[in-house]
Amino acid sequence: MQKSTKKTLKIILPILLGGAILWWMYREFDFRRISDTLIRDMNWWWMAFSLVFGVTAQVFRGLRWQQTLAPLGEKPRRSTCIHAIFLSYASSLIIPRIGEVTRCGVLSRYEGTSFSKSLGTVITERIIDSILILTILVVVILSQLGIFSHFFQQTGVNISKTLRSFSTTGYIVTALLLIITVVFLYLILRKFTVPTKIRKMASDIKAGILSLRDVENKPLFVFYTLGIWVSYFLHFYLTFFCFSFTANLGIQTALVAFIVGGIAVIVPTPNGLGPWHFAVKTILVIYGVAAVHAETFVLIVHSIQTALIPLLAVFSLIVLKKKSITT
């Protein structure tokens, strides 16, 4: 398959997947409700306030990234790190998951930062964020077991039935196969003579991953990390106050919907297009919101918050272009 075809498929297939889910969700929806809600039943001040935290989440991520690069001897400008983050989110709207590579490329181009080292720090960030979100997930699930059980029933997922379908022998065989696969790959990789350039890149990535050990101000790193996720949550939670049918749901409902929506965006569609709508709508319905109102909420909120991403990217492109002209 040619490279151009592969690139085209990487763009089209995620959009088709998300679009198919949206079509299925909204196939009988009266879209006149959207315009009526936007004009008559939506508090735009709360929406504008929520967008502020959509920006601060990305700014905190840029500041934290600069901090993790410092121990590696890389000193990119703070503003460039932030603009790289803005552009990474926008690029992921085109090809899901490409943003991490994009931001490393932006920093390499405008600051001369080592691409492989910055990629290593990105991996470290993802590990830290995954640990944090998994911790929150466990706490939320334990506190809302009934809701999550209902959610899995609504979405056709029966975890206990799936687990029961495995016999003891099945578990043992699966574990052995995983171990054999890992050992097999390790032995194969040891036999290859890795070119010097690739070894250097691998070494840089490893250094980037381990950079967290030498971060000077670890409390500041923790502050930035918490700032990212508090901002993400407020970016979502404040939109509840935009509509009369979600304004009284409370912070606990918002936290459950936020976590479930966060899990849904693992599906590689642009900004969670489709899976996020379905997951959050299901949670809102479980908490007593009428299905038509839940569908209205997720469509409006996702559309407006997604529109913020390319706006920030255009701003960053303008600023970075001016920088390249003056330098």
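Mentor: Buried means under 20% relative accessible area, exposed means over 50%, and partly exposed lies in between. Keep that in mind, and remember that this is a predicted model.

Trainee: Is C81 buried or exposed?
Mentor: The cut-off for buried is under 20%. C81 has a relative accessible area of 0%, so C81 is buried.

Trainee: And C104, buried or exposed?
Mentor: Apply the cut-off of under 20% again. The relative accessible area of C104 is 0%, so C104 counts as buried.

Trainee: How many disulfides does the count come to?
Mentor: A disulfide is a covalent bond between the sulfur atoms of two cysteines. The rule asks for a pair of cysteine sulfur atoms within 2.5 Å. By that rule, the number of disulfides is zero.

Trainee: Step back to the whole protein chain. What does its secondary structure come to?
Mentor: Read along the sequence, the pattern is α-α-α-α-α-α-α-α-α-α-α-α-α-α. The totals are zero strands and 14 helices.

Trainee: What share of the residues of the protein chain count as buried?
Mentor: The accessible surface is about 18500 Å², and 70% of that belongs to carbon and sulfur atoms. The chain has 327 residues, and the buried share is 41%.

Trainee: Of the contacts between residues at least 6 apart in sequence, what share join residues at least 24 apart?
Mentor: Contact here means heavy atoms within 4.5 Å. Among contacts between residues at least 6 apart, the share joining residues at least 24 apart is 76%.

Trainee: Now the inside. Which element gives the largest share of the largest nonpolar core?
Mentor: That core has 49 residues, and F236, F243, V280, L284 and F297 have the most contacts inside it. Elements that give two or more residues include α1, α3, α11 and α14. The largest share is nine residues, and it comes from α14.

Trainee: Which residues does F297 touch, leaving out those up to four places away in sequence?
Mentor: F297 is among the residues with the most contacts inside the largest core. Its partners are F236, T239, F240, F243, F245, T246, V280 and L284.

Trainee: How far apart in space are F60 and G227, C-alpha to C-alpha?
Mentor: F60 is in helix α3. It touches F223, Y224, G227, I228 and S231. F60 and G227 are 167 residues apart in sequence, yet their C-alpha distance is 6.4 Å.

Trainee: Is F60 buried or exposed?
Mentor: Buried requires under 20%. F60 has a relative accessible area of 19%, so F60 is buried.

Trainee: Which residues does S88 touch, not counting those up to four places away in sequence?
Mentor: S88 sits in helix α4. At 5% relative accessibility, S88 is buried. Its contacts are G99, T102 and R103.

Trainee: On to charges. How far apart are the closest N and O atoms of E125 and R103?
Mentor: Side chains of opposite charge can pair when their charged atoms come close. E125 and R103 form a salt bridge, with the closest N and O atoms separated by 3.0 Å.

Trainee: Which helices hold E125 and R103?
Mentor: Both residues have a relative accessibility of 1%, so each counts as buried. The two are 22 residues apart; E125 is in helix α6 and R103 in helix α5.

Trainee: How many residues apart in sequence are the parts tied together by D129 and R64?
Mentor: D129 and R64 form a salt bridge, and both are buried. D129 lies in helix α6 and R64 in helix α3, so the pair ties together parts whose separation is 65 residues.

Trainee: Which residues are linked in a network of salt bridges?
Mentor: The whole structure has twelve salt bridges. The linked residues are R61, R64, E100, R103, E125, R126 and D129.

Trainee: What is the phi of N271?
Mentor: Most residues other than glycine have a negative phi. N271 lies in the loop between α12 and α13. N271 is not a glycine, but its phi is positive, about 55°.

Notes:
Residues numbered from 1 in each chain as written. Predicted model: local features only at pLDDT ≥ 70, side-chain atom pairs only at ≥ 80, totals over all residues. Heavy atoms only, no water. Buried < 20%, exposed > 50% of the residue type's maximum accessible area, 1.4 Å probe, protein only. Core = buried A, V, L, I, M, F, W, Y, C linked by side-chain atoms within 4.5 Å. Helix = DSSP H or I, 4+ residues; strand = E, 2+ residues; numbered from the N terminus. Areas by Shrake-Rupley, 256 points an atom, 1.4 Å probe, with all protein chains shown as cover. Salt bridge = Lys/Arg side-chain N within 4 Å of Asp/Glu carboxyl O.
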